[in-house]
Amino acid sequence: SNGWHLCNASDFSRDLAFDKKAIISFIQTSQPKEWAKLQSYYKDETESKFIQRLFKELDLRGMLDVIRHGITDSGVKFRLAYFKPDSGLNPETIELYKLNKLFVARQVFFSSKNNRSIDLLLSLNGLPVATIELKNHFTGQTVKEAMEQYRTSRDPKELLFQFKKRALVHFTLDPDEVYLTTKLDSVNTRFLPFNKGFN
């Protein structure tokens with residue numbers, strides 16, 4: 001609802017730290033001519049070669065830069081997202097913007113070393129942009145416990161949590177408060193309030 005699509009947590013690749021099925025689908029739908037051109041180079045290896053290039057570019061330039069500027073493979077430029085145009089004068093840019101897909105996945109297993117999971121993962125066209133740990137008063141937990149969880153049991157060396165490489169922001173939520181951080185740094189992680197306030 002509200003433009004979000006529920007996706008299967010098992011589609012998230014622990015090794016790549018993104019959803020390659022969603023990314024390939026977005027590219028093929030939004031940029032069919034470019035995809036066909038890439039296929040003329042790589043034939044049956046097109047998907048795997050594209051994913052390899054994307055992985056390398058994310059490692060080299062980071063998530064934000066890749067989302068903003070796309071990637072180039074074999075001279076073919078690909079956009080990983082389309083931004084909302086400033087005006088409605090060009091119908092084509094509006095249609096491209098509408099091709100973006102926002103995904104939410106629950107209980108996403110992110111590590112190849114253990115079976116730890118994140119409560120919610122928000123993605124844009126299959127690229128992870130935000131992680132969320134949820135707490136509620138029924139279990140006697142608040143955002144403070146979620147902050148502690150990020151500090152102590154979310155390894156900043158895990159690909160999903162590596163600064164700038166994958167998820168751009170990490171949220172802690174309970175029914176009353178929301179906090180965020182953009183950089184996990186174990187016990188030194190600092191959280192900022194993202195609250196509307198209550199009472």
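Hi everyone, let's start with the largest pocket, which holds about 160 Å³ of space. A pocket here is an open set of points on a 1 Å grid over the protein atoms alone, where a 1.4 Å probe fits, with protein on both sides within 12 Å along at least five of seven lines. Its volume is the space filled by probe spheres set on the points.

Before going on, this is a predicted model: local features need pLDDT of at least 70, side-chain atom pairs count only at pLDDT 80 or more, and totals for chains, interfaces and linings use all residues. Residues are numbered from 1 along each chain as its sequence is written, and side-chain values use heavy atoms, without hydrogens or water.

Back to the pocket. Its lining residues, those with an atom within 4 Å of a point, include Lys-77, Arg-79 and Tyr-82. Helix H2 (32-42) gives the most, three residues, and helix H5 (91-98) supplies at least two. Helices are DSSP runs of H or I with at least four residues, strands runs of E with at least two.

Now to strand E6 (residues 127-134).

Who are its partners? Strands pair if DSSP finds at least two bridges between them. Five bridges join E6 to E5 (residues 117-124), antiparallel, and five join E6 to E7 (residues 169-173), parallel. Thr-131 stands opposite Leu-121 on one side and opposite His-170 in E7 on the other. In the two-residue turn of the E5-E6 hairpin, Asn-125 has a positive phi of about 55°.
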